[in-house]
Amino acid sequence: MKRQNQSSMVEFILLGFSNFPELQEQLFGVFLVIYLVTLMGNAIIIVVISLEQSLHVPMYLFLLNLSVVEVSFSAVIMPEMLVVLSTEKARISFVSCFAQMYFILLFGGTECFLLGAMAYDRFAAICHPLNYPVIINKMVFLKLVIFSWVSGIMVATVQTTWVFSFPFCGPNEINHLFCETPPVLELTCADTFLFEIYAFTGTILIVMVPFLLILLSYIRILYAILKMPSTTGRQKAFSTCASHLTSVTLFYGTANMTYLQPKSGYSPETKKLMSLAYTLLTPLLNPLIYSLRNSEMKRALMKLWRRKVFLHTV
């Protein structure tokens, strides 16, 4: 194939699961259902928390921000992924690929910090219940949320701009389902050693450091739960924290395997499956984990539903 440089590279081809054409139709149906359920579940959380005044407290406002991130994350990835699965070789323009990578990094980085902030919120609520209103006051909450979003924007801006500053040489086929950094970087024809050092260091700081802080928070939380005299109190606190920890483990575990792996660490198909774990499952499971296992969310949802029914019957 004729070599191409960055200036003449106007599009990429996303291969998806083209090696398994017999699976693509079934995967399209499965992913479409996952996408619709993800949008509906997170949209319900956003609407319920926005409309119900009793949920305007840090715990649920963090969850509101997380749901906004999940909806946006899915909207950036899933439509293009469905196009890839519906065609043998899906084309994506250079600009669209840049934009997709940018928003994947933005929402992924923001989610890392939001999950860390949510762990700190639970730590303060369970380990220091009397001082909780002071520790997580309105100003602290705003600072944590703003820091999470600004950090995501900074990570996305630096990393995406750097990746697309490299010259790209043919072939232009990305052996992936969307424009994620590792498979796109494989198409560059320049020395990426400095970028790889930056990316590895950045992943440690953005993914591993919050993850370790979350684990430390939950060790303290577990210790505090075990000291609670009431069995009911222990069960309620453990249930709330188990939901968050499940989400954290799924997101951080698969993200770490994707971004901290060596170039020859896994086969392309394995890399695709690991990417699907945190791009599909985490946005899908978060609303199920946080709403179905949370009595206050269920009460607020029923309250809004009864209000709607009442208004229709009047």
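**View 1. Strand β1 and its parallel partner β3.** In this predicted model, strand β3 (residues 173-174) runs parallel to β1 and is joined to β1 by two bridges; strands are DSSP runs of E with at least two residues, helices are runs of H or I with at least four, and both are numbered from the N terminus. Two strands count as paired if DSSP finds at least two bridges between them. I13 has E173 of β3 as its bridge partner.

**View 2. The antiparallel pairing of β1.** Four bridges link strand β1 (residues 11-14) to strand β2 (residues 90-93) in the antiparallel sense. Opposite L14 stands A90 of β2.

**View 3. Helix α5.** With 26 residues, helix α5 (residues 138-163) reaches 38 Å from its first C-alpha to its last, close to the expected 38 Å, that is, 1.5 Å times one less than its number of residues. Its buried residues (under 20% relative accessible area, 1.4 Å probe, protein chains only) include F141, V145, G152 and V163. Among the elements covering the buried residues of α5 are α3 (94-127) and α7 (193-226), with contact meaning heavy atoms within 4.5 Å.

**View 4. Two annotated spans.** The unreviewed UniProt entry annotates "transmembrane region" at residues including 60-78 and 98-120; such annotations may be inferred rather than shown by experiment. Residues 60-78 are 100% helix, with end C-alpha atoms 26 Å apart. Residues 98-120 are also 100% helix, and their end C-alpha atoms lie 33 Å apart.

**Notes.** Residues are numbered from 1 along each chain as its sequence is written. Local features need pLDDT of at least 70, side-chain atom pairs count only at pLDDT 80 or more, totals for chains, interfaces and linings use all residues, and side-chain values use heavy atoms, without hydrogens and water.

Conventions:
Buried means under 20% relative accessible area, exposed over 50%, partly exposed in between (1.4 Å probe, protein chains only).
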